Amino acid sequence: MYAKINGATIDGLQGYIVTVEVDISAGLPSLDIVGLPNQSVKESRERVKAAIRNSGFEFPMRRIVVNLAPADLRKQSSGLDLAIAIGILEASGQIKLRKPKRNQLLAKSVFIGELSLEGHIKPINGLLAMAVQSYESMYERIYTGIENSAVASCIESLDIFGASNLENLVRGIEKNTLERQDYLEQSTDKIELNINNEYDFSDVQGQVFAKRGMEIAAAGFHHIIMVGPPGAGKTMMAKRLPTILPILSKDEQLEVSKIHNIAGLLTGHHLMQQRPFRAPHHTATLASLIGGGQSVRPGEITLAHKGVLFIDEAPECKRELLDALRQPLESYTISISRVYGNYTYPAEFILVLASNPCPCGYYGDPYHNCICTDGEIKKYLYKISGPLQDRMDLQIYVDRPELFELQQQSEPDERWSSKAMRENVEQARALQFERYKGESFQLNGQMTHRAVRKFCVLSSEAEDLINTVFRQFHLSARSYDRILKVARTIADLDGAECIEREHIAEAMAYRKERG
């Protein structure tokens, strides 16, 4: 007796359809799974046996061979449990469907879910990536557990059916009583309310210079390094940066949700609507930052895709950890090589580094004495290498707010609310999208050297100023380009077609750290 069922697995961030072939023949009772399964798939033998028995079906006491094709693809998802169980029930004739209907149903369906010993269908990580691959492979429906079905139903061209356990799923297929899961999309107004309820830039007292820097960074996709004493508000502002970024589009929501679903971080019954904010501790390992492990899971820089990666106390990090950021800052991807394959993950994020000016935090502070030696300060700041600092478009010194700023009782300045700042950012980005139509990039911070020469048109006064600055400070070619990129963003925030002298001057104010 033979049956063929469609399941799915993931490898890296990609979903793959797996053909589950089941053959039941005479011989000593056994269940063998072949086709490069990992340990979690091998252990499905015991889960499937118990689930079939405890769901009121008969487990065949014969020789059962399960082949997972293609044989050269590593199978590493417990979500194959359901496909294996359905295959055994189909091969043993326990699914009561007429042959034409059975062939049509099984050929166009994908079964995904982990089984408990009692027969319940449990949620799994990576279902979203599997659902996308099912759609791209021209399948029509997915059968899975109820908890998983809500998120998968965002793929509108797929029919998603959920059941609480194996018995209900089989009986629902036989009697055609399973209800299609519809995706309940949240309105834009509700998304904006959720974003602004938790964090808002209006909470930040004073710090106009730093808030303006954040607005520029969000508008042009520029990376930031903030230097200032403890308690100045660096972390507070970094957490609010995602609130002034444009709301994720539907395609971006799906892309980001796939990544977080594979990592087991997608909660609730909706796609992610807020841009990611990831803040790994300075003691994080290299693998946790860039990704890796036995199953090559995404790291923090991939989890920050389309959002913000914030590293507080950056000089406390190992230097190799910070230098690993240099490649994704240029290419917006991270490549991981393993013996069994090479993986390229997306890593398009705004990097925000925060640092004290010295180990004790009070170098240059007029109200506190710094107790650090010159050697300690140099060693501390040396942790952030020159090449990495050169890739940071905005370098902001964050002063500690004054008492009168903290005690202000008047209404917060609406100019510096997250809503007003996001509107400015969206208007500036709209100009960039229009300008860069047909290009391989969309935002100023992503311009290549050739694009800078083409799109950063300077007035005569602005050109005189940038030439003077270049000669006086002996700028590198990368620093020169980054000043022009930031100036282009400032001009876009002003709605100016040409970069003027004041735009270059403001861009220069964000290039040199104080203290």
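Predicted model: local features only at pLDDT ≥ 70, side-chain atom pairs only at ≥ 80, totals over all residues.

Biologist: What makes Ile-112 touch Ala-8, in your terms?

Modeller: Contact means heavy atoms within 4.5 Å, and Ala-8 is on the list for Ile-112, so the two have heavy atoms within that distance.

Biologist: Why is the group around Ile-112 called a nonpolar core?

Modeller: The name calls for buried residues of types such as Ile, Leu and Phe, joined through side-chain atoms within 4.5 Å. The largest such set has 57 residues, and Ile-112, Ile-301, Ile-311, Leu-325, Phe-349, Leu-351 and Leu-353 touch the most other members. Each of these is therefore under 20% relative accessible area. Helix H5, residues 127-136, gives the largest share, six residues. A second, separate core has 56 residues, including Ala-210 and Ala-428.

Biologist: How do you know which part is the "AAA+ ATPase" domain?

Modeller: That label comes from UniProt, in an unreviewed entry, at residues 220-402. Such annotations may be inferred rather than shown by experiment, so I treat the label as a record. From the model, that stretch is 30% helix and 20% strand, with end C-alpha atoms 30 Å apart.

Biologist: What share of the protein counts as buried?

Modeller: Buried residues make up 53% of the 515, so that share lies under 20% relative accessible area.

Definitions and conventions. Residues numbered from 1 in each chain as written. Heavy atoms only, no water. Buried < 20%, exposed > 50% of the residue type's maximum accessible area, 1.4 Å probe, protein only. Helix = DSSP H or I, 4+ residues; strand = E, 2+ residues; numbered from the N terminus. Lists of a residue's contacts leave out its neighbours within four places in sequence.
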